[in-house]
Amino acid sequence: MEIRFSLTPTDLQTLADETVDARVKDNDQHFDTLGNWQQRYTPALILGLALACAALSPWMLYGRYSAESIIALLLAMPLLFVLGRRYTPRLAALGQARNAHIRQRSSDALGISLHKQLQSSRDQLMGVHVWQITPQALRMTSPSGLQVEISWNTIACVTQTASFYRLASTSQRLMGLAYVLPRQSREMAAPLYEQGLAELLQHCGHEPSQS
């Protein structure tokens with residue numbers, strides 16, 4: 001079976017926006033995971049490190065523990081523990097504020113980079129695409145006439161957005177790349193295109209997930 005669809009400048013802008021939004025969202029999730037870890041464990045790590053340094057200080061300075069240093073530690077450690085419990089959450093909060101700033105800069109830089117990459121491929125994507133669905137593979141012909149064939153077993157995931165389906169191998173997914181096709185076509189009658197989409201997704205062997 002053959003399916004045909006076209007990509008216009010408006011479609012490509014929508015594709016670029018959805019791609020950037022998805023990648024930025026994924027980037028933010030990594031920072032959220034890191035932030036949750038820091039919020040949960042950083043105060044305890046800072047306190048533990050401070051107590052360990054205090055406990056080792058006589059040995060590090062003098063190479064031994066004396067009776068005086070042991071008594072001093074016994075007196076100082078409880079006070080250090082109380083002060084640490086009080087102030088380490090504030091130190092952790094400073095780190096989280098810094099991470100939030102880094103997160104925003106990372107998301108902005110990622111968005112700019114992705115828009116540039118997608119802008120450079122607009123001319124290759126604009127026009128009519130023809131995809132041939134065979135039992136063994138998917139043959140894709142781009143508007144420039146370039147032909148690519150991929151076997152069904154190399155497709156590792158299928159995702160969908162409001163406007164597009166994305167098919168990607170494992171390596172493509174890691175690099176944020178995918179083959180894309182719109183959920184509606186201007187080049188075919190809607191029932192035929194939907195039939196082609198259903199057959200394509202059946203061959204992929206993956207239920208589309210939200211991206």
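Let's start with L181. Leaving aside neighbours within four places in sequence, L181 is in contact with I3, F5, W131, F164, Y165, L167, Y193, L197 and L200. Contact here means heavy atoms within 4.5 Å.

A word on the source. This is a predicted model, where local features need pLDDT of at least 70, side-chain atom pairs count only at pLDDT 80 or more, and totals for chains, interfaces and linings use all residues. Residues are numbered from 1 along each chain as its sequence is written, and side-chain values use heavy atoms, with hydrogens and water left out.

Now the core. The largest nonpolar core has 24 residues. I3, W131, L138, L167, L181 and L200 touch the most other members. By nonpolar core I mean a set of buried Ala, Val, Leu, Ile, Met, Phe, Trp, Tyr and Cys residues joined through side-chain atoms within 4.5 Å. Buried is under 20% relative accessible area, exposed is over 50%, and partly exposed is in between, with a 1.4 Å probe and protein chains only.

Which elements supply at least two residues each? They are strand 1 (2-7), helix 1 (9-62), strand 2 (127-133), strand 3 (137-141), strand 6 (164-168), strand 7 (179-182) and helix 5 (190-204). Helix 5 gives the most, with five residues. Helices (H or I, at least four residues) and strands (E, at least two) are DSSP runs, numbered from the N terminus. In soluble globular proteins, nonpolar side chains tend to be buried together.

Next, Q160. Q160 sits in strand 5 (residues 157-160). Is Q160 buried or exposed? Q160 is buried, at 11% relative accessible area. Its side chain makes a polar contact with the side chain of R183, at 3.2 Å. That term means a pair of N or O atoms within 3.5 Å; within protein, one must be able to donate a hydrogen and the other to accept it, and residues adjacent in sequence count only if both atoms are side-chain atoms. Back to L181: the C-alpha atoms of Q160 and L181 are 9.7 Å apart, with the two residues 21 apart along the chain.

On to a loop. T134 lies between strand 2 and strand 3. T134 is buried too, at 13% relative accessible area. Not counting residues up to four places away in sequence, T134 touches R139, W152 and H203.

Last, I70. I70 is in helix 2. With a relative accessible area of 42%, I70 is partly exposed.
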